[in-house]
Amino acid sequence: MSRAKPRPEDLQSPGRRRAAMALAALPMLVAPGLGRAQGAKLAVTDKEVVVGQLHSATGTMAISETGSIQAERLAIDQINAAGGILGRQIRVIQEDGASDWPTFAEKARKLLVSDRVATVFGCWTSASRKAVLPIFEKENGLLYYPTFYEGLEQSKNVFYTGQEATQQILSGLDWVNREKKAKTFYLIGSDYIWPRTSNKIARKHIENVLKGQVVGEEYYPLGHTQFGSLLNKIKLRKPDVIYAIVVGGSNVSFYKQLKAAGFSSANTTLLTISVTEDELLGIGGENVEGYYSCMKYFQSLDNPNNKAFVEAFKAKYGPNSVIGDVTQAAYLGPWLWKMAVEKAGSFEVNDVVAASPNLEFDKAPEGYVKIHPNHHLWSRTRVGRMRGDGQFDVVWETPDLIEPNPFPEGYQ
Amino acid sequence: MESFSELGAILLMQGFNGLSVFSVLLLMALGLAIIFGQMGVINMAHGEFLAIGAYTTYVFSSATQAWLPQAMPYYYLVSMLAAFGVTFALGWLVEWAMVRHLYRRPLDTLLATWGLSLILQQALRSIFGPREVSPVLPDWLMGSYQPLPFVDIPINGLFVMVVTLLLTAGVMLALFRSGWGLRVRATVQNRAMSGAVGIDTRRVDRTTFALGCGIAGIAGAAFTTISATGPTSGSLYIVDTFLTVVFGGAASLFGTIASAFVIAQTQSVSEFFMTGSMAKVLTLSTVVLILMLRPQGLFSLKLRK
């Protein structure tokens, strides 16, 4: 098959179409037949191995992705300090996706084709991941993706170190149903794919498994700041639980107005899957004390791995830095890659992928994790209660690791 | 019976919410109504002036917390004045350095001020970082006021409303009862003639522009009570702001008030009966429909051309 010919499915979305057009121009830059897929050499010498880092260091997403960049760097520095991988030091080429999905695609191609990196740690939003996915598949690259996300995806070339939606959502709903005797839920979200897909899963679970009732489901544009009408509607319906997936700047408006409208943890149970320590920094812990967040990781987790991790992170990035769920998941990427490479005895993508399933990592700050053959991680889910100082008290965790299930039956 | 009175309470709160959205819109648009409405300058950087006002409050909040914690209950009022001062001065500077060279080229103003807004955004990002910030508010601004059982009136909403009321009254007085207002209105109606009768139109322009920016600064400071501020917050405000001013009829202050009221009530009422996204669709369709019937906006100044 000619490299220049985009696959038909590449042409479905404008972003992909642009990527495909750029792909079509590739043969002018790279002689056909010299692509990575044809067995060209990775950038590995006897002394060093080159990896890529691809996040948004500028633009609207920089606020979220900075933590991931820092955590990956920390892990890589630690690995290098301990002697590197297979005797080689890791050298990082960092590219900036600039919060712009076509830029992500372009930089991904640069990292894979020109720099021939052995792996890439990167992306944050689903949109950026979807933009680079066809390139990673075509060039047979390797991507470690840190964010909890909506699921419905699985690729040979991607490892998902955050939770997929069912892992994060279902046990949290079970918990609130059991502990708070919650039967009625009001679902709120920002208007894009992740909150919508997550709420769809939540609704199915509430209605079919918990035999509860969804009394309202609403979405507001990203950046929305006026939640007065919504709060009145919530007062009218009196749900047992407010289930909120509001993201970004809207978060601050939402929680401030919630407080100003007379809601507090004394009279309201609120469960969210979009508030980590990072978001609390902006919202202010005093506005949300006593509400619950459902994540796989909290900075306050009490175990030796996490203590060491938090200490190292603060030593490198300052005592006031906070660590959210995604930051921890990003930290796992380089370590999981190292283990797979060492097990395979090779940096070749196919060997690393083949060595990965069922790898166990017991030095993770979140505790013990294991790679599932579907490239997601087995992990625990925890419920944290928000504190005034911007940290969480972990009030519950699943007794066992939860199996990742990116294509959940009965939840579509 | 209880549920009936509770329903009444919710309707009451919803009514208040409509007024609250109204005052937010009006406050956002007031500065622009002066700059765009009176001077005809399309100031795309208006949102950034709001953001700068908000950041000024944030700086004051952080400084007070660090050095004068006992002044926390009062710092907020001082910071509003400071927000006005900072944005007024910046507005003055921008008019002098940029806008005055472009008065006869409205489309170039649009480009230039848009460029300015990008520069200001990046400056804010470089100084304060990409993360959104919100000042620690004095206790008296948080929480709710309960005049009746079940009725929670957010105090921050009430506060924004009072600020809007005072500011609007002040602008009205200044525009229609002061010598400056007279000169502004004369300049708007006929620049050449105003110059001929001895009005220093350049000076009027500069003060007017700076004042519009200063009002945006106060508005930005007031908004910190209800939302967060990031480097790009300004671009969220700008659409609503222009919508309000254009819909009202650009040159009329009453138009801006009426337009903010209509948009806010449509939005608030429809939000209560349908989902947020649909409410937005309905509101914008209403605006488009009315603008098709009345292209000059709700109110228009009658002028002999």
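What radius of gyration would a compact globule of 305 residues have, and what is the value for chain B? In this predicted model, where local features need pLDDT of at least 70, side-chain atom pairs count only at pLDDT 80 or more, and totals for chains, interfaces and linings use all residues, a compact globule with 305 residues would have a radius of gyration near 19 Å, and the 20 Å of chain B agrees with this. The radius is taken over C-alpha atoms, and the globule rule is 2.2 Å times the number of residues to the power 0.38. Residues are numbered from 1 along each chain as its sequence is written, while chains are lettered from A and ligands numbered from 1 in the order in which they are written.

The C-alpha trace of chain B spans about 70 × 55 × 35 Å along its principal axes. Chain B contains eleven helices and two strands (DSSP runs numbered from the N terminus, H or I of at least four residues for helices and E of at least two for strands), arranged from the N terminus as α-α-α-α-β-β-α-α-α-α-α-α-α. Helix H3 (residues 72-97) of chain B and helix H8 (residues 201-223) of chain B cross at roughly 145°, and their axes come within 7 Å; axes are lines fitted to C-alpha atoms, for helices over the stretch in contact, and angles run from 0 to 180 degrees between N-to-C directions. The crossing of H3(B) and H8(B) is right-handed, the near helix being turned clockwise from the far one by less than a right angle.

In chain A, helix H5 (residues 165-179) packs against helix H6 (residues 193-209) at an angle of about 40°, the axes lying 10 Å apart. H5(A) is therefore oblique to H6(A), a class left for angles that are not under 35 degrees (roughly parallel), over 145 (roughly antiparallel) or 65 to 115 (roughly perpendicular). Residues in contact, with C-beta atoms placed from the backbone within 7 Å, include A:Ile169 and A:Leu173 in H5(A), and A:Ile201 and A:His205 in H6(A). By class, this contact of H5(A) with H6(A) has seven nonpolar, four polar and no charged residues, where Ala, Val, Leu, Ile, Met, Phe, Trp, Tyr, Cys and Pro count as nonpolar, Asp, Glu, Lys and Arg as charged, and the others, Gly among them, as polar.

The contact between the chains takes 29 residues from chain A and 33 residues from chain B. H7(A) gives the most to the side of chain A that touches chain B, with seven residues, and that side has ten nonpolar, 13 polar and six charged residues.

Conventions: Two residues are in contact if their C-beta atoms, placed from the backbone, lie within 7 Å.
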